[in-house]
Amino acid sequence: MGTLIVIGLLGGLITGISPCILPMLPAVFFAGGVQGARHREGGGARPKAPDAEGGGAVATATPDTVVRTRPSLRPYIVIAGLVLSFSFFTLLGSLLLSVLGLPQDLLRWAGITLLVLLGVGMIVPRFEMILERPFQRVAAFGAKRGAARQDRGAFVLGLGLGVLYVPCAGPVLAAITVAGATGNIGVETVALTVSFAVGAALPLLLFALAGRRIAERVQAFQRHTKAIRTGGGIVVILLAVALAFNVPAAIQRLLPDYTGALQQRIDSSETVREALDLGGLVTDENRELSNCSNGAPVLEDCGTAPEIRGIDRWLNTPDGEALQLEAMRGQVVLVDFWTYSCINCQRSIPHLSAWYDKYADVGKGFEVIGVHTPEFAFERETRNVIAGAKDLGVTYPIAQDNSYATWTAYRNRYWPAQYLIDADGTVRHIRLGEGGYQRTENLIRELLADANPGVELPGATTVRDATPLDEITPETYFSIKRVINYAGEPKYAAGREEFTLADEQQQDTFSLGGTWEVDFQGAEAVSDDAGVRLAYRSTDVFVVLGGEGTVEATVTADGEEQTRDIDVSGNPRLYPVLEGDEPTKGLVDLKVPAGVQVFTMTFG
């Protein structure tokens with residue numbers, strides 16, 4: 001339990017300083033902080049009169065002195081409302097809407113409406129009193145501390161922000177979301193959720209307190225309290241309108257994910273993974289998947305396959321119709337997690353396509369479902385997925401899993417990963433990563449024979465297994481959050497920087513030359529002299545490029561040079577740099593024109 005709370009707090013704190021928090025800041029600063037400032041008024045002392053709403057005193061003044069009221073609790077009340085609202089609706093919102101048969105976006109629109117009403121209330125105080133009436137006890141608590149007027153509407157504001165607060169994705173939030181969606185909510189899940197919400201809210205609280213402090217010290221805020229209050233109401237309304245039109249999401253996509261490195265450390269921690277399995281990732285639906293060993297030579301019993309869910313769009317099905325595993329009983333089904341620019345996935349797809357073509361009409365049928373779960377932002381675009389699937393010759397059904405809902409339901413962490421399901425809907429074999437295709441096909445044939453006794457099976461497929469067997473250079477990422485083998489100058493960091501190519505490149509490392517714009521997706525060449533140098537070990541070398549231009553590739557191995565011009569255009573995709581006949585060691589130099597993006601280099 002203690003470990004989960006610490007993980008929740010850390011995950012929340014990282015989220016609380018991430019770009020996804022930015023849309024909340026103006027509303028928290030003005031409506032949560034500035035409005036709760038203690039009033040300063042010039043003048044001589046006058047007796048304190050009772051507050052008309054009871055409990056506390058309001059300072060009055062004469063022209064020669066400065067008098068302060070007691071500190072307002074408004075920032076704390078706003079954040080308390082946010083934590084309560086976020087925790088409750090994250091865990092139970094989706095479940096309640098499903099049970100009631102209501103649309104999943106109902107809560108979002110309810111929160112937007114509430115923010116608009118609250119913004120109007122800040123401009124028209126009488127209306128705000130009506131909104132606050134159901135929460136008078138909270139307001140009364142503030143009044144006893146001498147801040148009734150400043151605290152009015154604070155709890156409602158927190159509730160509205162909590163409903164609309166959409167934190168950046170990560171393993172902690174994934175664990176919470178799955179637990180809430182499946183109804184597997186226990187004490188540990190609640191502790192994880194609340195600790196995450198508190199961690200994410202702490203930076204907001206500090207921002208609200210900073211707003212209150214600034215308003216107390218800057219005289220302009222004191223002289224124009226009514227105007228500031230009205231301005232805060234306008235800010236809240238503008239936030240609601242922006243959220244309605246998804247403007248913050250568009251802005252966030254343009255910002256660098258400066259917390260990505262911290263998030264990656266959380267993602268890669270085995271301690272975190274094990275703890276989060278207790279926090280909601282392991283459910284009654286997917287618990288038995290752990291019965292399967294990776295790539296077993298015989299069929300295993302790994303429980304009923306989790307349903308495919310949360311899909312943004314279906315491709316390669318009649319009229320985009322969704323497929324349900326429960327409705328496919330009697331068929332043998334292979335669920336494959338993939339993404340179109342992944343070289344490992346690309347090497348596996350010919351095998352899946354061959355199986356689909358060979359066995360689709362055997363007995364009651366064989367189906368392949370490619371669950372496309374994106375690794376990069378550009379892989380979320382449906383048009384890119386369609387183009388990538390066409391280039392790779394994928395004709396079997398594709399489920400676009402942008403929200404990682406099905407990925408999480410299967411507790412998956414790999415591209416590619418195959419889950420073989422028998423005619424009764426039970427997972428019988430799991431293969432994580434490349435390879436083992438002959439073994440998987442043998443098990444497919446066995447399941448088809450079991451489902452259709454006496455069936456005449458066609459001959460096995462003959463697709464060559466291109467899985468690298470020798471020790472090769474690991475996949476090289478240019479994303480700031482995933483870079484692991486950079487060996488150049490200066491330090492690899494987000495933003496625009498002038499780099500220098502290494503004179504002696506260490507084995508399996510890379511460096512950059514020229515001016516580059518580095519972010520959490522990859523690196524984009526800014527200057528025309530931009531270059532990439534990498535010391536490789538492999539037979540084949542590939543690079544994922546985007547933008548438009550001609551990249552000059554030079555491979556130096558065994559004292560010989562090979563050059564190739566790579567014409568880059570259209571959607572980001574994989575391009576060959578070296579296609580050899582046997583493993584070699586050498587240097588790859590890429591001259592990259594301005595505007596071309598480099599995402600990853602892979603080896604085979």
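In the predicted model, L325 touches A305, P306, E307, I308, V333, I369, Y410 and I421, leaving out residues up to four places away in sequence. Contact here means heavy atoms within 4.5 Å. The model is predicted, so local features need pLDDT of at least 70 and side-chain atom pairs count only at pLDDT 80 or more, while totals for chains, interfaces and linings use all residues. Residues are numbered from 1 along each chain as its sequence is written, and side-chain values use heavy atoms, with hydrogens and water left out.

L325 also belongs to the largest nonpolar core, which has 58 residues. Such a core is a set of buried Ala, Val, Leu, Ile, Met, Phe, Trp, Tyr and Cys residues joined through side-chain atoms within 4.5 Å. Buried means under 20% relative accessible area, exposed over 50%, and partly exposed in between, with a 1.4 Å probe and protein chains only. L325, F366, I369, Y410 and V427 have the most contacts inside this core. Helix 16 (residues 343–359) gives the most to it, with seven residues. Another core lies apart from it and has 46 residues, among them L4, L192, A197 and A200.

The structure holds three cavities of 30 Å³ or more. On a 1 Å grid over the protein atoms alone, a cavity is a set of points where a 1.4 Å probe fits but cannot get out; lining residues have an atom within 4 Å of a point. Grid points are joined across faces, edges and corners, and a volume is the space filled by probe spheres set on the points. The second largest cavity has a volume of about 40 Å³.

The structure holds one disulfide, defined as a pair of cysteine sulfur atoms within 2.5 Å. It joins C292 to C302, with an S to S distance of 1.5 Å. The link is right-handed, with 85° about the S-S bond. Both C292 and C302 lie in the loop between helix 15 (270–281) and strand 3 (313–315), so the pair ties together parts that are ten residues apart in sequence. C292 and C302 are buried. C345 also counts as buried, because its relative accessibility is 0%.

Across the protein chain there are 19 helices and 17 strands. Helices (H or I, at least four residues) and strands (E, at least two) are DSSP runs, numbered from the N terminus. Buried residues make up 52% of the 604 residues. Of the contacts with a separation of 6 or more, 73% are between residues 24 or more positions apart.

Helix 8 (residues 154–164) is mostly covered, with ten of its eleven residues buried. Among them are F155, L157, L161 and L164. L206 lies in helix 10 (residues 187–217). L206 is exposed, because its relative accessible area is 59%. L206 and Y76 are 130 residues apart in sequence, yet 9.8 Å apart in space, C-alpha to C-alpha.

T539 lies in strand 13 (residues 531–546). At 15% relative accessible area, T539 is buried. Beyond its neighbours within four places in sequence, T539 is in contact with L578, E579, G580, D581, E582, P583 and G604.

Technical notes:
On a 1 Å grid over the protein atoms alone, a cavity is a set of points where a 1.4 Å probe fits but cannot get out, and a pocket is an open set with protein on both sides within 12 Å along at least five of seven lines; lining residues have an atom within 4 Å of a point.
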